[in-house]
Amino acid sequence: MMAESTSPPRGGVNFKVEGESAEPAIPKHRATVRYNRKAVQKVLAIDDWIEEQLAVLYACPSSDVPVELSVDDIMGKENTAEQEAYIRSTVEDCPAGASVFDAFVAELLNRIKKV
């Protein structure tokens, strides 16, 4: 009877690190997400427009506007009614008149629909 050999096969040395599988390592590639450049530019333009309009509504420099309104948060809502409710709840203490504020909300929703 011959005892089983635990020596490595001839012609090479096999090192096995604990926790590694015997299968060859598959290179990990970086995952990237491609965005539509025009759509991203439109969203950024809307973001800039929001900053400008909030400065007008609050009659102060854009750096001093007491609220922050994000296009991404608005677009994350499921429908126009939820988007409008979110905008109105975020900018609820607007010192501008109701008609000016309503025009801002309507224009903002219109711009978001175009994206």
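Is Val 100 buried, exposed or partly exposed? Select Val 100 and have a look: with a relative accessible area of 44%, this residue counts as partly exposed (buried is under 20% relative accessible area, exposed is over 50%, and partly exposed is in between, using a 1.4 Å probe and protein chains only).

Before going on, note that you're looking at a predicted model, where local features need pLDDT of at least 70, side-chain atom pairs count only at pLDDT 80 or more, and totals for chains, interfaces and linings use all residues. Residues are numbered from 1 along each chain as its sequence is written, and side-chain values use heavy atoms, with hydrogens and water left out.

**Stop 1: around Val 100**

Stay on Val 100, which sits in helix α4 (helices are DSSP runs of H or I with at least four residues, strands are runs of E with at least two, and both are numbered from the N terminus). Val 100 and Leu 57 are 43 residues apart in sequence, yet their C-alpha atoms are 7.9 Å apart in space.

**Stop 2: the rings**

Next, show the aromatic side chains. A search of the whole structure turns up 2 aromatic pairs (rings of Phe, Tyr and Trp, the last by its six-membered ring, pair if their centres lie within 6.5 Å; planes under 30 degrees apart are stacked, over 60 edge-to-face, and the rest tilted). Pick Trp 49 and Phe 104: their ring centres are 5.6 Å apart and their planes are at 15°, so this pair is stacked. Trp 49 belongs to helix α1 (residues 37–58) and Phe 104 to helix α4, so the pair ties together parts that are 55 residues apart in sequence.

Phe 101 and Phe 104 are 3 residues apart in helix α4, about one helical turn. Phe 101 is buried too, as is Phe 104. Show Trp 49, Phe 101 and Phe 104 together and you have a cluster linked by ring pairs.

**Stop 3: the charged side chains**

How many salt bridges does a search of the whole structure find? It finds 3 (a salt bridge is a side-chain nitrogen of Lys or Arg within 4 Å of a carboxyl oxygen of Asp or Glu).

Start with Glu 84 and Arg 88, whose side chains meet in a salt bridge at 3.0 Å, N to O. Both lie in helix α3 (residues 80–90), 4 residues apart, or about one turn of the helix. Glu 84 is partly exposed at 29% relative accessibility, and Arg 88 is partly exposed with a relative accessible area of 29%.

Leave Arg 88 on screen and select Asp 102. Asp 102 also forms a salt bridge with Arg 88, with the closest N and O atoms 3.0 Å apart. Asp 102 is in helix α4 (residues 98–113) and Arg 88 in helix α3, so this pair ties together parts that are 14 residues apart in sequence. Asp 102 is partly exposed, at 35%.

Now move along helix α4 to Arg 111 and Glu 107. Their closest N and O atoms are 2.9 Å apart in another salt bridge, and the two residues are 4 residues apart in helix α4, about one helical turn. Arg 111 is partly exposed at 29%, and Glu 107 at 31%.
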